[in-house]
Amino acid sequence: MNRKILLQLLALVAVMCGSVEQASAEHPYTYTHRWAQRAAATYPWHGPYYNQQYQAPVALVVPPTAQMRQTYSWGVSQNLSYPIHHQFGVGAPGPGYSGLQGFRPTPQWPSHTDQFGTYYVRGPW
Amino acid sequence: MRLSLRITAVAAAVMAFAASTQNVSAQEYIVSSQVVSDEVVGGDCANGNCGGASGDVVSGDMGIAGGARTYGHPHLFYNYYTHGYSNGVNAQMYVSPQPVPPFVGHTFMTYQPLEPHQYLYWHKDTYHNHYDGGRGLNRTRAVYYSPPVGTAVQNVYWNWLRLPR
């Protein structure tokens, strides 16, 4: 009888362990979030190309839980994946649109997905 | 005797687990209604002295003499911006991907829990809104979730069973 109760309690603990893993899915203040924030403060959110349609680099909003992006290019071992560090946040940093200075157009024969001028930026928490 | 002790220990473990589960589920992102604005709040704008350059972020709780705490009106709609180092251009999230021409106007989303970017991932938010000079607190809890089974059934219906018309 007692053995049965013990087994039932153990089963309950096992079930609750599973529910704990589900509950701790995502939280804004995890250490990976801090890593991403620090890394994003060291380089711009855009690449060197502008989007032909918008005449500026375009920030494509992705979920804040997105972690990696894939780039494609011609040639062997040119398909790389990078972490998405940048995230939209509060605080207006300045002019939202400054023309095309310093940006290149998409080449006539694009050879890399970054050349289309669309760059991933994660949405806010 | 030993068995009963063991049962007691297991029961204590269960209780501890229950408490920790409650803590985990209570880890919601609390969005307070602190004033965060692109415009300077409470400046002497009539004399043209609205504070620093445009684009400053001013918190409603700052700049009050004597450390008195105020509860301002929450901002009508706050935009989100890109950050980073040596950006050649900055982007704002609404209206995405770039501002419409000035003569078109602007889109305001006045209810924070319904902003579209909240639907990008599963999470829970709690919105705290002070009113009546800080004597009242309105809490709004928003859960962004799509039940997996129900969503799968809807997808089957929408992609295979629905008459395309």
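## Tyrosine 54 of chain A

Y54(A) counts as partly exposed because it has 14 C-beta neighbours inside 10 Å, a count that falls between the 12 or fewer of an exposed residue and the 20 or more of a buried one. This description, like everything below, refers to a predicted model.

Although Y54(A) and G117(A) are 63 residues apart along the chain, their C-alpha atoms are separated by 9.4 Å.

## Confidence in chain A

Chain A has a mean pLDDT of 80, with 79% of its residues reaching 70 or more. Within chain A, residues 19-25 have a pLDDT below 50, and in the model this stretch makes nine contacts beyond near neighbours in sequence.

## The layout of chain B

Chain B contains two helices and five strands, and, read from the N terminus on, its elements follow the order α-β-β-β-β-β-α. Of the 165 residues in chain B, 8% are buried. When contacts in chain B between residues at least 6 apart in sequence are considered, 45% of them join residues at least 24 apart.

## Helix 2 of chain B

Helix 2 of chain B covers residues 148-161, and its 14 residues span 19 Å from the first C-alpha to the last, which is close to the 20 Å expected at 1.5 Å a residue. This helix is hardly covered, as the count of buried residues among its 14 residues is zero.

How values were computed. Residues numbered from 1 in each chain as written. Chains lettered and ligands numbered in written order. Predicted model: local features only at pLDDT ≥ 70, side-chain atom pairs only at ≥ 80, totals over all residues. Helix = DSSP H or I, 4+ residues; strand = E, 2+ residues; numbered from the N terminus. Contact = placed C-beta atoms within 7 Å. Expected span 1.5 Å × (residues − 1). pLDDT = per-residue confidence, 0-100.
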